[in-house]
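Dear colleague,

Please find the structure below, handed over for your study. My notes on what was found follow it.

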Amino acid sequence: MKVMKFGGTSVGTPQRMKEVTQLVTKSGEPVFIVLSAMSGTTNSLLEISDYLYKKNPDGANEVINRLEQKYAKHVEELYSTDEAKSVTKEFLKNEFDYLRSFTKELFTSFEEKSIVAQGEMMSTNMVTNYMRQEGINVVLLNALDFMRTDKNAEPDPVYIKEKLNALMEKNEGAQVYITQGFICRNAYGEIDNLQRGGSDYTASLIGAAINAEEIQIWTDIDGMHNNDPRVVDKTEPVHQLHFEEAAELAYFGAKILHPTCVQPAKYAGIPVRLLNTMDPEAEGTTISNATEYGKIKAVAAKDNIIAIKIKSSRMLLATGFLRKVFEIFESYQTPIDMVCTSEVGVSMSIDNSSHLGEIVDELKKYGTVTVDTGMCVICVVGDLDWSNIGFETKVLDAMKSIPVRMISYGGSNYNISFLVREEDKKRALQSLSDQLFN
């Protein structure tokens with residue numbers, strides 16, 4: 001069985017919902033589909049929550065009314081039978097009455113998570129009702145019945161597998177199984193969400209739980225490109241990536257995929273395909289544990305990076321220096337992207353400035369600290385094992401006219417990273433594309 005995940009734009013209009021239905025039933029084989037909220041809905045639900053935090057129920061009700069009118073229009077466009085319209089209208093009435101109930105109560109982050117979860121509830125029910133109208137044997141499984149995180153807010157794969165397989169056995173023989181992406185319950189039974197990776201993460205966890213033959217992530221772009229198409233001319237989709245290559249690209253700026261969301265698929269050995277709902281025949285990108293040897297695949301960039309350098313003559317041969325430095329970042333929950341060391345100093349890059357002042361104050365206990373803001377990490381990904389003679393030279397040659405603050409190479413067999421100024425990003429990305437791909 002294949003798992004197919006559709007993002008907000010893929011189910012963003014009644015017409016798109018009809019196209020998704022045709023797509024998932026085309027092969028006639030049983031499929032498991034994961035749906036995001038209709039595009040724009042989650043933003044509206046967050047706006048409602050914002051008004052409620054600010055104790056402005058009138059503002060919240062105005063947004064609720066506007067969203068309800070939008071969905072009422074969708075119902076008229078999506079369904080052709082009175083029965084389907086009636087069932088969906090009744091469901092949506094209950095949904096919007098539920099949203100209005102929050103305008104009369106104390107509002108906290110727990111209520112916000114319940115409100116935000118309704119976007120996926122609405123999209124999955126609407127598509128399920130449409131499929132039933134079209135005579136498709138479809139089963140809607142509520143993600144809150146099987147998707148759970150543990151006390152560390154990480155998915156609980158044993159629980160997910162046990163509960164999901166029991167639900168599927170109970171509903172054996174369906175052509176289409178549908179569930180909500182993004183939402184879950186936490187270890188205390190409260191409505192929560194998977195945060196990182198959202199619906200993609202849900203699809204990957206489900207794929208691993210049911211041992212799917214393939215996980216498909218359907219978006220509005222034809223796979224992961226070899227460079228940023230918003231910045232660089234003549235980019236192309238990359239047809240094959242190793243899981244490690246995809247994770248590097250996702251972490252360093254390829255927005256189509258979150259770096260954590262493919263981990264369950266990677267460990268289960270299930271290939272992930274990135275496909276385009278607007279062009280279903282396009283090959284897209286396949287991510288698996290297979291490596292294409294001797295190839296540089298793609299380039300990605302990550303903005304808003306801060307470089308921190310600490311220099312200390314006392315560091316020479318001083319054991320425990322790096323440990324003390326890294327513990328400071330850990331104590332402020334600030335991950336480090338890149339690290340370069342010398343005999344008397346260490347440079348690091350971070351992308352979270354919320355505790356920058358405190359971190360710098362702590363670091364000054366151990367040496368002289370300098371900070372560079374407005375930086376950008378550029379990551380070149382492919383088969384970059386050190387035994388591939390000349391590959392690093394080819395990459396460096398493309399960067400010869402760009403001032404480079406830091407270089408990281410050797411930490412991974414799949415990545416060379418450069419820290420440059422944000423104003424040099426476009427020039428660097430274009431030069432890399434021209435040298436490596438064009």
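Arg-66 is partly exposed, with a relative accessible area of 45%; here buried means under 20% relative accessible area, exposed means over 50%, and partly exposed lies in between (1.4 Å probe, protein chains only). Please note that this is a predicted model, in which local features need pLDDT of at least 70 and side-chain atom pairs count only at pLDDT 80 or more, while totals for chains, interfaces and linings use all residues. Residues are numbered from 1 along each chain as its sequence is written, and side-chain values use heavy atoms, with hydrogens and water left out.

Salt bridges

Side chains of opposite charge can pair when their charged atoms come close. Arg-66 has such a partner in Glu-47: the two form a salt bridge whose closest N and O atoms are 3.8 Å apart. The term salt bridge stands for a side-chain nitrogen of Lys or Arg within 4 Å of a carboxyl oxygen of Asp or Glu. This pair links distant parts of the chain, with Arg-66 in helix H3 (residues 57-78) and Glu-47 in helix H2 (residues 41-53), 19 residues apart. Helices (H or I, at least four residues) and strands (E, at least two) are DSSP runs, numbered from the N terminus. Glu-47 is also partly exposed, at 31% relative accessibility.

How many salt bridges does a search of the whole structure find? The search finds 28.

Another of these joins the side chains of Asp-97 and Lys-93, at 3.0 Å from N to O. Both residues lie in helix H4 (residues 82-101), where they are four residues apart, about one turn of the helix. Asp-97 is partly exposed, with a relative accessible area of 33%, and Lys-93 is partly exposed as well, at 44%.

A further salt bridge brings together the side chains of Asp-372 and Arg-405 (2.9 Å, N to O). Here, too, the pair links distant parts of the chain: Asp-372 belongs to strand S14 (residues 368-382), whereas Arg-405 sits in the loop between helix H12 (391-398) and strand S15 (406-409), and the two are 33 residues apart. The relative accessible area of Asp-372 is 29%, which places it among the partly exposed residues. Arg-405, at 26% relative accessibility, counts as partly exposed.

Two residues with positive phi

Phe-182 has a positive phi of about 80°, although it is not a glycine. Phe-182 is found in the loop between strand S4 (176-180) and strand S5 (183-185). Is Phe-182 buried or exposed? Phe-182 is buried, with a relative accessible area of 18%.

Asn-211 likewise has a positive phi, of about 55°, and is not a glycine. Its place is in the loop between helix H7 (198-210) and strand S7 (214-219). Asn-211 is exposed, with a relative accessible area of 59%.

Met-126 is found in helix H5 (residues 109-133) and counts as buried, at 0% relative accessibility. Which residues does Met-126 contact, leaving aside its neighbours within four places in sequence? They are Met-17, Met-38, Tyr-71, His-74, Leu-78, Tyr-79 and Thr-88, where contact means heavy atoms within 4.5 Å. Met-126 and Ala-84 are 42 residues apart in sequence, and their C-alpha atoms are 9.2 Å apart in space.

Pro-14 lies in helix H1 (residues 14-25) and is buried, at 4% relative accessibility. Leaving aside neighbours within four places in sequence, Pro-14 is in contact with His-74, Glu-77 and Leu-78.

The chain as a whole

The chain has 13 helices and 16 strands. Its radius of gyration is 24 Å, close to the 22 Å that the globule rule gives for 438 residues, so the chain is as compact as a globular protein of that length. The radius of gyration is taken over C-alpha atoms, and the globule rule is 2.2 Å times the number of residues to the power 0.38. Along the principal axes, the C-alpha atoms fill a box of roughly 75 × 50 × 40 Å. Of the 438 residues, 52% count as buried. Among contacts with a separation of 6 or more, 74% are between residues 24 or more positions apart.

With kind regards
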